Amino acid sequence: IMTNLVDYDDLVVDVQKVLDTLIPIEHEVKTKNNYSYLMKIQPYRTLDNVIEGAVISFFNITEIVIMREELQEANKSSRLAVVVRDAIDAITVHDMQGKILAWNPGAQKLYGWSEEEALQMNVKDRIPKNLQKEDIKKLKELSQSKILESYKTKRLTKDSKEIEISVISSALYNE
């Protein structure tokens, strides 16, 4: 029996198992053209209650599989968001132009700006003028680096105080 199923080579073995035990088998399978199916193998009984073979049925579950994968991805993001929210450390996220995209309670406590205020800012607004050129260059280097090392620098608080901090940078990539 030839199939276009990916990573499933046990069709003959599974059919024989169903014929031997009379217990149906179900598998989620994927085709070479990336469709997902629920495959059911059941014994075929005649009207005289004699087993004369097996019935193999395929139910297209591609949309269900896609939704399940999206839900799993959303759950991962949700767990990450909880970690960031509950961290004691100040955690900020900014894009490649420096626009602040996320600001956790630790950052609010350390720097003084609320999340709402911070999301209207750029990272350079928090860097002392005399360090801006050097720190922005360092942040760009870190964003392109595979190994991200921490470094000590200074940042401004809402009341314009300079504080010493240690920056640990992680580049987040997505499509």
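**Strands, rings and a loop residue**

Biologist: Which residue in β4 is the bridge partner of Y44?

Modeller: Y44 has G53 as its bridge partner in β4, where strands (E, at least two residues) and helices (H or I, at least four residues) are DSSP runs numbered from the N terminus. This is a predicted model, in which local features need pLDDT of at least 70 and side-chain atom pairs count only at pLDDT 80 or more, while totals for chains, interfaces and linings use all residues. Residues are numbered from 1 along each chain as its sequence is written, and side-chain values use heavy atoms, with hydrogens and water left out.

Biologist: Over how many bridges do β3 and β4 pair, and in which sense?

Modeller: β3 and β4 pair in the antiparallel sense over nine bridges, with pairing taken to require that DSSP finds at least two bridges between two strands. They belong to an open sheet of four strands, ordered β1-β2-β3-β4 with antiparallel pairing, and its edge strands, β1 (5–6) and β4, each pair on one side only.

Biologist: And which strands does helix α1 touch?

Modeller: Helix α1 (residues 11–21) packs on the sheet and touches β2 (25–31), β3 and β4, with its direction at about 40° to that of β3. Contact here means heavy atoms within 4.5 Å, and the axes are lines fitted to C-alpha atoms, for helices over the stretch in contact, with angles from 0 to 180 degrees between N-to-C directions.

Biologist: Switching to rings, how many aromatic pairs does the structure hold?

Modeller: The structure holds two, counting rings of Phe, Tyr and Trp (its six-membered ring) whose centres lie within 6.5 Å, with planes under 30 degrees apart called stacked, over 60 edge-to-face and the rest tilted. The rings of Y37 and F58 have centres 6.2 Å apart and planes at 90°, so this pair is edge-to-face. W103 and Y111 form a tilted pair, at 5.6 Å centre to centre and 40° between the planes.

Biologist: Are W103 and Y111 buried or exposed?

Modeller: W103 and Y111 are both buried, which stands for under 20% relative accessible area, against over 50% for exposed and partly exposed in between (1.4 Å probe, protein chains only). F58, in contrast, is partly exposed at 39%.

Biologist: What sits over the ring of Y111?

Modeller: The charged end of R126 does, 4.5 Å from the ring centre; the criterion is NZ of Lys or CZ of Arg within 6 Å of the centre and within 35 degrees of the ring normal.

Biologist: Last one: where is N122 placed?

Modeller: N122 is in the loop between α4 (115–118) and α5 (132–143), and at 18% relative accessibility N122 counts as buried.
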